[in-house]
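User: I would like to learn how to read a few local features from coordinates. Please take them one at a time.

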Amino acid sequence: MSEARLIERWLPIAAIGEESVRERRALSALPAPYYLHVWWARRPLIASRAAVLASLLPASTSEKDFLRLIRIDGDPIVARKQIDKAKKTGIRVDDPYGYPRAFSCAPDVEDVFNKAVSKDAKVLDPTAGGGSIPFESLRLGFRTYANDLNSVAATVLAATVDYPVRLGNELTGAFQALAKRFINLTAAELRPVFPQVGGDAEVVTSYVWARGGRCPYCSGEIPIAPNWKLEPSGIGMRLVPECAGGPGDASRKCNFEIVHEAGDQSPGTVAGTSVVCPFPDCKRIVDLSAIKEQGEASGLSEVLCAVVVKKQVLKTSKAGKEKTAWQRQYRAPQRGDDVSELVESILLEKMPLWEAEDIIPNELLPIDTESWSHGNTPHQYGAKKFSDLFSRRQLLVHGVSVECFQKLLKDAEADGPLSELQKATFVYLALAIDKLVDWNSLQCTWDLDKLRMAHTFQVHAFPIRWSFAEMDVLAKDLGYQWVVRQTSRCIAELLKLTNNHDSLFSNESARLTPATVSSKSGEAVTHIADGSIDAVVVDPPYGANVMYAELSDFFYVWLKRTAGLVVPDLFTRQLTDKDAEAVANKARFKGKKGAAAFANREYQERMAAIFEECRRVLKTDGIMTVMFTHKDAGAWDALTKSLMSAHFFVTASWPVNTEAEASTHIKNKAAANSTIFLVCRPRPKAGGDVTYWEDVEPLVSKAVRSRVPQFQEAGIVGVDLYLACFGPALEEFSKHWPLLRGTPRPEPVAKRRRKQAELFEEEFDPYAVTPEDALEAARREVKTWRLNQLMHVRGKSDLDTATSFFVLAWDAFKSPTFAYDEALRLARAVGADLEHLIGRICEKKGSDIKLWDSATRSSKGALGASDGARGMIDALHYAAHLVRTKSVAVARDYIVSASLADDPMFLNALEATLEILPPSKTFAKVDFSGDLKLASDDFDALEKLRRLAFADAIDEPKQLKLWAEEAA
């Protein structure tokens with residue numbers, strides 16, 4: 001193997017990116033590892049496969065060979081262009097790719113080995129999480145080590161990268177037989193509490209509930225919900241209050257009717273910190289604190305609001321034939337739907353034994369953790385234990401699930417020690433039970449878009465859900481049947497993906513080897529020998545983005561009562577290990593001044609320790625590829641410091657589009673779509689002479705300039721272009737580390753260094769250099785590159801700072817709303833003072849910045865100087881507002897009178913602005929809504945103005961040509 005690896009010289013980032021997006025595009029056809037069990041961050045399989053293989057192949061490998069080896073068997077770029085065209089024209093393309101999804105095709109292991117990769121090559125992922133990286137590593141035929149501190153992740157890893165390869169096709173039949181017995185047992189126990197009161201005419205599938213509280217003024221039970229919608233079409237609920245004996249009568253309650261027009265729905269009863277009593281003889285405003293007190297004292301009640309059913313209806317086909325079909329409908333609760341009293345009586349009977357045998361998770365909620373200490377969470381309304389996160393019937397369901405699981409396990413153990421096959425099938429059954437737990441808790445809601453239930457983890461937190469949805473777990477194709485079918489399908493697909501190599505093998509030695517799964521701190525993978533790993537490929541935790549341990553407690557408390565009886569070594573703690581987790585968790589430093597700084601410093605130190613351990617196990621010629629996705633430059637700064645502390649330097653970097661796709665100007669959030677592959681090599685620990693930043697900064701800028709065109713050509717745009725260029729900036733920066741300034745810099749004002757102080761809590765050192773300096777240089781280069789493209793001129797002086805900020809913010813984020821911290825960095829890159837721009841062209845909303853259109857600026861009295869004296873964005877908005885409120889001719893006359901018609905600054909600003917605002921329906925035949933519509937109205941006005949007054953000086957916006965080409 002040559003010293004240089006393929007990933008250090010080149011990577012087909014456009015093809016890998018499109019194939020990664022394709023992998024995630026169809027939710028109904030996601031790879032098996034995605035839906036086996038919830039995990040909160042997974043890389044696409046094809047991106048993981050490419051990262052692993054490119055980290056081991058020699059640099060001499062051809063692009064044709066590499067694409068063949070990762071099974072991209074066609075041209076995904078051409079296919080994507082066909083898809084984009086189809087979206088514009090409405091003409092469907094059945095199969096634009098012409099080849100199967102790459103992840104579904106097995107790599108040819110012998111072919112991989114023939115390309116100069118050792119058959120004994122070893123790959124480590126020290127923070128493997130959901131397992132995409134080790135899964136693809138083992139499919140490539142490498143000896144794979146998958147480690148994760150978290151017991152839930154380790155259990156999922158075993159079921160993904162160990163059992164299917166080690167135990168083979170027997171898994172499917174064994175699991176199905178066990179699951180059948182399990183369903184029969186649970187159904188017998190639970191049938192009475194899931195009545196089908198409508199007879200054969202309908203099948204109940206789900207229930208919609210509201211949390212309830214007492215009005216302190218009239219004693220009526222208030223169903224609490226922000227709205228009463230069931231479908232966007234207008235189907236919803238109307239409250240019908242029963243006032244009983246009047247205020248003070250505790251029997252006062254609300255009934256419900258199903259209505260079919262939005263105007264007939266009752267208004268929501270909760271907004272902000274207020275609850276409105278719905279009883280007509282009260283109507284008082286109740287402060288949310290009173291509801292919290294009730295919840296703390298006795299818990300909130302559960303009010304059944306609607307029942308979701310399937311009914312058989314008669315339909316007539318186009319040919320005139322009649323046939324019956326099942327149709328989703330909604331009805332108001334009927335007598336017999338609410339079986340709360342029966343549920344309570346069963347629980348009263350079962351609970352003493354369940355508590356004695358530890359069937360129910362009575363562990364206290366860890367309310368001092370990050371996920372439980374912000375906003376309205378269930379513990380503020382009476383939830384004290386994990387069992388309180390479920391309604392009474394949900395708790396009964398899950399208690400019965402655990403009880404039946406344990407009965408089946410005891411029956412199996414009565415015949416002697418469990419075989420490895422039996423252990424695996426029970427673990428899969430535990431994961432199936434977890435899936436039901438995920439889809440049947442008080443955190444589940446009715447999804448108005450998909451018209452079905454939404455699962456517990458719609459967000460990475462535990463917000464209070466005022467209304468919740470409950471599944472009929474015994475309904476056909478739902479509940480138990482659904483989770484078992486999903487798990488069975490997943491097992492079958494895992495077997496197919498990992499065991500379908502037989503026709504490719506000419507010898508037994510080429511067969512796949514199960515991954516070695518461990519559950520240790522990534523700082524101490526002590527079972528792996530020094531200098532034994534060829535490549536570390538890692539997708540590390542992302543600072544404060546996700547508190548994995550806190551979230552996974554939700555599953556851990558159930559898994560330790562099921563899978564924990566089969567693999568007890570993984571479930572020795574009361575809850576998951578949060579102390580050793582490499583995340584920036586402020587809750588660990590609660591009460592300390594600068595908790596965020598302490599948390600980020602600890603994260604940086606833990607990541608450095610993990611990278612140090614990776615350095616220990618790597619061979620002398622080994623490399624580490626880090627897959628990182630984060631739009632916050634502070635996280636990049638921390639990651640780079642961790643790498644350099646562990647004596648690594650960056651040898652290459654590649655941006656790959658791996659996230660959910662979002663078309664130009666249609667993003668609702670300014671989110672990053674790309675994962676950056678940072679390729680690292682160990683550097684000698686002995687430090688050399690100190691290099692000065694003044695000598696290195698030009699090299700950083702040059703490195704970025706040389707790569708921007710390549711990245712943009714590969715389809716990396718917007719905020720991702722800035723992130724992509726962090727890679728080459730850090731490559732050059734890390735090569736010259738350690739660095740100092742030769743000339744001290746002045747101490748910035750507090751608001752300019754607030755973020756750095758929060759992250760690193762360091763005294764200002766005028767000679768210090770950090771990775772953030774390299775990132776700032778990268779932003780400046782991208783800024784200049786983009787402005788030159790947008791204006792077709794050269795030189796940053798062609799736009800003033802305010803206009804540059806406005807133009808580049810739209811260009812980068814494709815949205816008027818984006819993070820304040822990123823706005824601060826962009827403002828610094830263009831030389832603007834963000835605080836002076838707020839209230840002039842934008843506003844600060846929470847942790848975000850929102851750009852204003854001309855109408856909004858006018859309504860706020862903030863249009864500014866009409867002659868552009870403070871910035872040409874003022875003149876542009878003034879002109880756009882005139883077009884929108886008066887006429888194009890009036891706007892043209894204003895421009896002439898203000899001596900702007902021949903002003904190069906104004907013309908450049910107009911040209912650039914027309915390239916970045918979302919186009920209007922008039923010129924691009926696209927409809928926008930909300931804030932995007934306001935911005936497109938400005939585009940409409942300015943483009944009309946250009947055509948009337950400046951057609952000779954400014955060409956038609958290039959983006960209109962692109963829209964037209966896609967629609968052609």
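Analyst: A polar contact is a pair of N or O atoms within 3.5 Å; within protein, one must be able to donate a hydrogen and the other to accept it, and residues adjacent in sequence count only if both atoms are side-chain atoms. This is a predicted model, in which local features need pLDDT of at least 70, side-chain atom pairs count only at pLDDT 80 or more, and totals for chains, interfaces and linings use all residues. Residues are numbered from 1 along each chain as its sequence is written, and side-chain values use heavy atoms, with hydrogens and water left out.

User: With which side chain does the side chain of Lys 850 make a polar contact?

Analyst: With that of Asp 931, at 3.2 Å. Lys 850 sits in strand β24, residues 848–851; strands (E, at least two residues) and helices (H or I, at least four) are DSSP runs, numbered from the N terminus.

User: Is Lys 850 buried or exposed?

Analyst: Buried means under 20% relative accessible area, exposed over 50%, and partly exposed in between (1.4 Å probe, protein chains only). Lys 850 has 17%, so it counts as buried. Contact means heavy atoms within 4.5 Å; beyond four places in sequence, the contacts of Lys 850 include Cys 842 and Glu 843. Cys 842 is itself buried, at 0%.

User: How many disulfides does a search of the whole structure find?

Analyst: A disulfide is a covalent bond between the sulfur atoms of two cysteines. The criterion is a pair of cysteine sulfur atoms within 2.5 Å, and the search finds zero. For Cys 243, the closest cysteine sulfur is in Cys 218 at 7.9 Å, too far for a bond. Cys 243 is partly exposed, at 22%.

User: Where does Gln 443 lie?

Analyst: In the loop between α14 (420–438) and β12 (445–447). Gln 443 is buried, at 2% relative accessibility. Its C-alpha is 8.7 Å from that of Ser 467, 24 residues away along the chain. Among the residues that Gln 443 touches beyond four places in sequence are Pro 378, His 455 and Phe 462.

User: How does α22 compare with its expected span?

Analyst: The expected span of a helix is 1.5 Å times one less than its number of residues. Helix α22 (771–791) has 21 residues and reaches 31 Å from first C-alpha to last, close to the expected 30 Å. Because 17 of those 21 residues are buried, α22 is largely enclosed by the rest of the structure.
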